[in-house]
Amino acid sequence: MKPEDVRLASAWLRNSKDPVDGTDRKADQYWADVTEEYNKNTEVCRRRNRNQLKIRWDRVKKPVMDFHGCWNRTTKVYKSGVSDDQLMEIAEKMYAGEHNDKDFTLKHFWKVVRNERKWSAYVKKEQEKEKNKSAADSSSEVVNLEDNPKIRPIGHKKAKAELYGKKKTPKAFSAISDKLDKFIEVSTLARKDREKMAETQQIMAKSKVEAARLTDKAAEKQLKCKMLDTYRELLLPPTTDMNAHALAEREKAESMRLALFGTDN
């Protein structure tokens, strides 16, 4: 289903961006064009007709718009110091909190449209339609004002929510906010701990390298001293009783000493 959703979102965007007749087409013609675009790069056995794509769009647009709202609210609250992955987790938690702990499963669809201006305009338009619909529902309420004309009637949706106990109270929103703040606090502390650990490991690594270098240098100096002592033993005996072969070896040793240690040793 994910590849089909991605193709649907892409086809919808490409037709929405049509600068020539994208805004003048009737709904039927528009979705016929979306269907044609969708089926261009689709296997024959996986192609869909206009009604199937329209039904799928109507089914996914509401949860995608709801999550888009959660994402926008999250990015406004946490503008810095939080990674995209953390923002995504917070937005998902917010969405679940507002939809009876139901996970958002259309991220693949949302990622296609999230940064598009046409999508933002579409969301705004749908929200205005919903707002106007709610206002119409409220104005059509039949209320008996004869007993107390000062009573202000409540909206249909509000009354229904109170009747079935589904109204979200400020306390519930406060609990969600507290959980989100705690999550950010823990995530920030964990990130700082990781950075501190990485810095400590770097310092330890540098210390080990320096210790190894000093050890090698000390070993080299010790070896040099031993070699110098050996050459001195060879060069100290008097040369008066030496034969030609011994003298030649002594000169060879002296040449090697000068080459290795110079004239100061």
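This is a predicted model: local features need pLDDT of at least 70, side-chain atom pairs count only at pLDDT 80 or more; totals for chains, interfaces and linings use all residues.
Which residues of α4 are buried?

View 1. Residues are numbered from 1 along each chain as its sequence is written, and side-chain values use heavy atoms, with hydrogens and water left out. The protein has nine helices and zero strands, where helices (H or I, at least four residues) and strands (E, at least two) are DSSP runs numbered from the N terminus. Of the 265 residues in the protein, 25% are buried; buried means under 20% relative accessible area, exposed means over 50%, and partly exposed lies in between, with a 1.4 Å probe and protein chains only. The accessible surface comes to about 20,000 Å², and carbon and sulfur atoms hold 53% of that surface, the areas coming from the Shrake-Rupley method with a 1.4 Å probe and, for residues, with only the protein chains shown counting as cover. Among contacts with a separation of 6 or more, 58% join residues 24 or more positions apart, a contact meaning heavy atoms within 4.5 Å.

**View 2. The largest nonpolar core and the surroundings of Trp12.** The largest nonpolar core has 34 residues, and those with the most contacts inside it are Leu8, Trp12, Trp31, Trp57, Phe109 and Trp119. Such a core is a set of buried Ala, Val, Leu, Ile, Met, Phe, Trp, Tyr and Cys residues joined through side-chain atoms within 4.5 Å. At least two residues of this core are supplied by each of α1 (2–16), α2 (27–40), α3 (50–77), α4 (84–98), α5 (107–113) and α6 (117–139), and α3 gives the largest share, eight residues. When neighbours within four places in sequence are left aside, Trp12 is in contact with Tyr30, Trp31, Val34, Trp57, Lys118, Trp119 and Tyr122.

View 3. Glu4 is found in helix α1 and counts as buried because its relative accessibility is 9%. The side chains of Glu4 and Arg46 are joined by a polar contact of 2.4 Å, a polar contact being a pair of N or O atoms within 3.5 Å in which, within protein, one must be able to donate a hydrogen and the other to accept it, and for which residues adjacent in sequence count only if both atoms are side-chain atoms. Not counting residues up to four places away in sequence, Glu4 touches Tyr38 and Arg46. Asp5, which also lies in helix α1, is buried with a relative accessible area of 1%. A polar contact of 2.8 Å joins the side chains of Asp5 and Arg56, and, with residues up to four places away in sequence again not counted, Asp5 touches Arg56, Leu106, His108 and Phe109.

View 4. Thr75 has its place in helix α3 and counts as partly exposed at 26% relative accessibility. The side chain of Thr75 reaches the backbone oxygen of Asn72 at 2.9 Å, and the C-alpha atoms of Thr75 and Ala91, 16 residues apart along the chain, are separated by 8.8 Å.

View 5. The buried residues of α4 are Gln86, Leu87, Met88, Ile90, Ala91, Met94, Tyr95 and Ala96. The 15 residues of α4 should span 21 Å at 1.5 Å a residue, and its end C-alpha atoms are 21 Å apart, which agrees; the expected span is 1.5 Å times one less than the number of residues. In the loop between α4 and α5 lies Asn100, which has a positive phi of about 55° although it is not a glycine and counts as exposed at 76% relative accessibility. Asp101 is found in the loop between α4 and α5; Asp101 has a positive phi of about 60°, although it is not a glycine, and counts as exposed at 66% relative accessibility.
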